[in-house]
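Dear colleague,

I am passing on the structure below, and after it you will find my notes on what turned up when I went through it. Please read them with the coordinates open.

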Amino acid sequence: MAGVTYRYRFVARSASGGEHTTPWFEVAAAVWDSDGGSLTLDGEVDHPLLVPGSVRWLRGPGGVARVRFALRLEPQEHVVGFGERFDSVDQRGRRLDAVVFEQYKSQGRHGRTYLPMPFAHVIGGEGWGLHVRTTRRTWLDVGGSQPDRLVVEADLGGAERERLDVGIYRGEPEQVLRAFGDEVGRAEELPSWVFRLWASGNEWNTQAIVTERMDTHRDLGIPVGVVVIEAWSDEQGITIFRDARYRVTTDGSAHEAGDFTYPPDGAWPDPKAMIDDLHSRGIKVVLWQIPLQKTEVDLGPDVPQDSQVLVDGRAMVAGGHAVLEADGSPYHNRGWWFPRSLMADLSTQRSRDWWTAKRRYLVEDLDVDGFKTDGGEHAWGHDLRHGDGRRGDEGNNLYPVHYARAFGDLLRSAGKAPVTFSRAGFTGSQAHGVFWAGDEDSTWEAFAHSVTAGITAAACGIVYWGWDLAGFSGPVPDAELYLRAAAAAAFMPVMQYHSEFNHHRRPLRDRTPWFVAEVNDDPTVVEVFRRYAELRERLVPYLAEQARATIATDRPLMRGLFFDWPTEPAVWQAPGQFLLGDDLLVHPVTEPGATTWRTFLPPGSWVDAWTGEVHEGGRTVERPVPRDVVPVYCRAGRWAELRGVFAPTADPVG
């Protein structure tokens, strides 16, 4: 009954007859009402896109909790966006939400994402876009229930009367994205080394292993530009190389580089020498991070109370640098990964500075080049308290934005480019570093979903984006999947391979090309991967040029064809195609056993990058696709400049 508050609890009885009860909880029924506040579309109450009579407010005993309204959709319109989406480029006919969520693998199957945004393009009619101007959770029914309506439901703050404004941007996709970027921010140009091959494996947990992997790259002639070292620390506070010797700072203050010694028989006998050596080879170094601090609950009772990790945890809480529960007690992570850990409050400059100060020596003294800002999705609970005054319902989605900003600012302060590498994000993340698609299996389905994710993320203003090519989890992929994925990744903004922690069990699950070749008993894997890594090196100047143009014009670097040809029906029949910059059209082969592949060429003249054959656009062409070939077509006007990128690799191995 509306207006009535109910109390409940759970009672469990064990087999031995014992009884366990939870505390009492309260719940109250709410009712949808026609009056509860003010909804405006770009400041207008009666906007022509708003369906008359569709605005409803969910009112409970505590105030107005939600608002729901509907926008008109025309039959010919397509809806693209809502952040990084794995299931479909066109979201019309689907129901989804915009909340940062840790969906471990199978994001496309479950319709979840680490990087949502309540923003989308509506393409194919007059052209417009919407941005629900909130950091709270929203739900979107994109013609799923009523084909001619985009129904939006948004959480509110619970006041007696509430207000929500929705941005409406008119024009073609480029104009819509520019208006959105003007409001929420856009990427800054990063150095060209981010476009070289990134190499990573979660079980690369010693200096010897990292060095050996990079030596093998050198010996096999496979160029590599970045190594991401995940398992470098003790994974407690994520500030100190494993096996380092040092004195505990009893007040939790930051160490300096000179405070550490490294035993010759330890996991990392000389991190600085290793980094210097990698730099001498032209390889940049990125270290893994997570914004969590382990506690006794996760570490166990044998960890001394005067250990650095527990001292730092106490200092974190005492100094007001931890996310809190509603009652003011420290929040302990409710997720399955790093369970019960403290969570750094990165919503204020004071706490961002405190957290990153403990990592400053890594940048200033050891010369680390960037940070993999993993795990930004662990703020669970609508009633959490963040240091900037926001409750969890309003602040949790912003957490990964603050997180990447904190480490970007650290790098900038040391004179380095703000290269962060995140999987979680929200509106505003456009301005903060590089992103990857998160955890995925090594399957064809995940491959296709990842291509979709890159196209949709780019449509929302994410410039520097990549994925774990061929997936990072499960058994080592077969040669066909690995090479198809590597070929596709060579023509995406970021090219990276990575593998999951497997508890050091045999067989290994590294995704290095030589190990994939060994597992599949197929030495041509190394040969083909080398050719694409070499091609990638030649492609770097073009990628840097096009990223610069993207930032200046808001034309995505990994651009769905709908962006340039919004009214062309054929582009919606080939959603896995994209432009890489202005001049290269790429169509990844995402099905096993394919021998030919059909690609729609938009109007204009296009050159098959592997054969030099010229095709007139406005039609679909078909070409053979041996497993080492990804269909790539170059605008005829740029072919003279770009043919050198492809010429050394124009003869497929087969």
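In this predicted model, Asp-554 forms a salt bridge with Arg-186, and the closest N and O atoms of the pair are 3.0 Å apart. The two residues belong to distant parts of the chain, 368 residues apart: Asp-554 sits in the loop between α14 and β26 (558–560), and Arg-186 in the loop between α2 (173–184) and β16 (198–200). Asp-554 counts as buried because its relative accessibility is 9%, whereas Arg-186, with a relative accessible area of 27%, is partly exposed.

Asp-522 is buried, with a relative accessible area of 13%, while Arg-627 is partly exposed at 22%. Salt bridges that share partners also join Glu-174, Arg-178, Asp-182, Arg-186, Asp-554, Arg-555, Arg-559, Asp-564 and Asp-582 into one network. The count of salt bridges comes to 60.

Helix α15 (residues 639–646) has Trp-639, Leu-642, Val-645 and Phe-646 as its buried residues. These cover an arc of only 100° around the axis, which means that they lie on the same side of α15. They pack against α14 (524–553), β28 (584–586), β30 (605–608) and β33 (632–635), whereas Ala-640 and Glu-641, on the other side of α15, are exposed.

Phe-10 is placed in the loop between β1 and β2 (11–13), and it counts as exposed because its relative accessibility is 53%.

As for the chain as a whole, there are 15 helices and 33 strands. The radius of gyration is 26 Å, close to the 26 Å that the globule rule gives for 654 residues, so the chain is as compact as a globular protein of that length. Buried residues make up 59% of the 654 residues, and of the contacts with a separation of 6 or more, 70% are between residues 24 or more positions apart.

Conventions: Residues numbered from 1 in each chain as written. Predicted model: local features only at pLDDT ≥ 70, side-chain atom pairs only at ≥ 80, totals over all residues. Heavy atoms only, no water. Helix = DSSP H or I, 4+ residues; strand = E, 2+ residues; numbered from the N terminus. Buried < 20%, exposed > 50% of the residue type's maximum accessible area, 1.4 Å probe, protein only. Arc of directions from axis to C-beta. Contact = heavy atoms within 4.5 Å. Rg over C-alpha atoms; globule rule 2.2 N^0.38 Å. Salt bridge = Lys/Arg side-chain N within 4 Å of Asp/Glu carboxyl O.
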